[in-house]
Amino acid sequence: MSRRKIMNSLVFLLLAIFSVVTLFPIIWTAITSLKTDVQMFAIPPDLLPHPATLSHYKEVITGNFPAYIRNSILVTFFSCAISLALGIPAAYGFAKYGTEKTKPVFAAVTAVRMVPPVAMVIPFFLIIRNIHLSDTLLGLIITYIPFELTLIIWMLKNFFGQIPREVEEAAELDGLSAWGILLKVVLPMSRSSVGVAGLMAFLFSWNEFMFALSLTSTKSAQTLTVGIAGYVTSFQTFWGSMSATGILFMIPAFILTFIFQKDLVKGLTAGAVKG
Amino acid sequence: MSGKTGSISIREKKRRRAGYSLIAPACLVLLVIFFVPLLYAFAISISDSDAVINNSFRFVGLKNYFSVMTNSKFLAALGHTCFFVITTITLEFIIGFVVALLLYREVAGSRVFRLIFAVPLMVAPVVSGLQWRWLFADQYGIINALLDKLGLAAPLWFTQVSTSWVAIIVANLWLATPFVILVLLAGLGGLSEELNEAAAIDGANRIQTFFHIILPQLKPTILIILVIRLTDAFRIYDLVYILTGGGPGGGTEVLSTFIYKRIFSDWKFGQGSAAAFLVMLIICALSFLCNKWMSEEE
């Protein structure tokens, strides 16, 4: 009995240490964001900011940050909304109305994941330039849609596939069409899965960097990832502004994770699990 | 009789049409904004780079592929990427297993711990890279301050290739291990208790139980993680860009940063595209092997 207790305390202690290691970079960023410039470069570093200052947040908010976050929000919102609107019916179609002919199509959809983003940077860069969408939000939205769309189709196909056939048969007898069943019966019972699929799409566009870097050049379309990377120049690094921006950057992702924590693992492994 | 089969086929036709109407919009969009550009990328890889910049095409066959494959920088980047992928995935699995098995014991606060370990999954690689760059900073960095306190020599992390790799791998472990932990934990949750108990009765110790009972049962889970992490690790870009930019002296150049530079620094679109297709080939081959292994299991 007591041996078990000792073991459990040991496990708790180890987990606590891992938690500290996990949270420390974020906590340190938060501390840095509250330090004055003088204090930031103290050797050895001070553990706590004294006096704490919000000046970096003020700098950031009165600087380019509002433009970056506006761009990030718009790109993320529209790319996710369009991808969900296209991806939910497609996933349902593949799951429940699949035929021998749709199989290779689905294989092609899943193959998108094998393509490294850097392979698409070249064609996207040239095409976006030629249709005069360089440095626009629309250009980024178009670029993100295929990646989010395939992620959503992949995840939701597995989920929809698990819905018992009887549910749809009953609805069919009520005279509902395939679209009617999807909208009135299947969607209301799949809120959490659709939520997780949406979260994955959100994370992709919110955190995406390579395309944003190559397809935008001014703050009229640059997103937060490009903006925050700009605080690191070859001459100087603005750690205060970077930390304040980083903290503001992470808040929306944390809130969404907290909401969807239960279904997160399902979302993370979707697609790899054969449905 | 014939009337009945007729009505079935009409119903079947209706079903099919319904299915196509659900699938078609997404497929059309994917065709136009993914597969056509992908085809274009392939065309670029067999064309002269200068022609591409001027929006034309000049067929050069596999010349770009040959020049990439004989390019020492590409081969170095390939070697670095393989080194990175093998090192990080091995460490991710070791740490992942330790933490997942600890969490599996369901001690007080397990739920909170699980939530904490999920946090890095949400952080953008760019932001994480910047955080770790600050943590690894030379003089005012907290890591070096700690090493100093412990009486250890604090290196200038980003001036040497070996220590630069340490920084990249540590930052990547922080970002990616939570995924491995959470998925392994989900896999552990699905194991049969009876087998573990039977092993305990047979007098197997913990280590024997882990290797002979738990590990074989977790094979499908491990393969899922492997497929996802391999494809992700192979395309690493953001972290390397932020932490080292491929330096010092090209010592941490990976495939994605190499290709990106070919494109946007040297304007060698043809070679960049050819290199990207080679990378794609490698990723496809690895995923194929994993999938084959997986279906053999089933």
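Some ground rules. Residues are numbered from 1 along each chain as its sequence is written, and chains are lettered from A and ligands numbered from 1 in the order in which they are written. In this predicted model, local features need pLDDT of at least 70 and side-chain atom pairs count only at pLDDT 80 or more, while totals for chains, interfaces and linings use all residues.

Let me begin with chain B. Chain B has 14 helices and 0 strands. Helices here are DSSP runs of H or I with at least four residues, strands are runs of E with at least two, and both are numbered from the N terminus. How spread out is chain B? Its radius of gyration is 25 Å, well over the 19 Å that the globule rule gives for 298 residues, so chain B is more spread out than a compact globule. The radius is taken over C-alpha atoms, and the rule is 2.2 Å times the number of residues to the power 0.38. The C-alpha atoms of chain B fill a box of roughly 80 × 65 × 30 Å along the principal axes.

Now burial. A residue is buried if 20 or more other C-beta atoms lie within 10 Å of its own, exposed if 12 or fewer, and partly exposed in between, with C-beta atoms placed from the backbone. In chain B, 39% of the 298 residues count as buried.

Next, contacts. Two residues are in contact if their C-beta atoms, placed from the backbone, lie within 7 Å. Take the contacts in chain B between residues at least 6 apart in sequence: 70% join residues at least 24 apart.

One bond in chain B deserves a look. A cis peptide bond joins B:G247 and B:P248, with omega about -5 degrees. B:P248 sits in the loop between α12 (238-243) and α13 (255-264) of chain B. Most peptide bonds are trans.

On to where the chains meet. The contact takes 77 residues from chain A and 78 residues from chain B. On the chain A side, helix α1 (residues 2-33) gives the largest share, 13 residues. What classes make up that side? It has 58 nonpolar, 18 polar and 1 charged residues. Ala, Val, Leu, Ile, Met, Phe, Trp, Tyr, Cys and Pro count as nonpolar, Asp, Glu, Lys and Arg as charged, and the others, Gly among them, as polar.

Then the core. A nonpolar core is a set of buried Ala, Val, Leu, Ile, Met, Phe, Trp, Tyr and Cys residues joined through C-beta atoms within 7 Å. The largest one has 153 residues, and A:A91, A:I153 and A:L156 touch the most other members. Helix α7 (residues 137-161) of chain A gives the largest share of this core, 16 residues. Leaving out residues up to four places away in sequence, A:A91 touches A:I152, A:I153, A:L156, A:K157 and A:F160.

A:H132 has phi near 55 degrees, a positive value in a residue other than glycine. A:H132 lies in the loop between α6 (117-130) and α7 of chain A. Buried or exposed? A:H132 is exposed, with 9 other C-beta atoms within 10 Å. A:D135 also has a positive phi, near 60 degrees, and lies in the loop between α6 and α7 of chain A. A:D135 counts as partly exposed, with 17 C-beta neighbours inside 10 Å.
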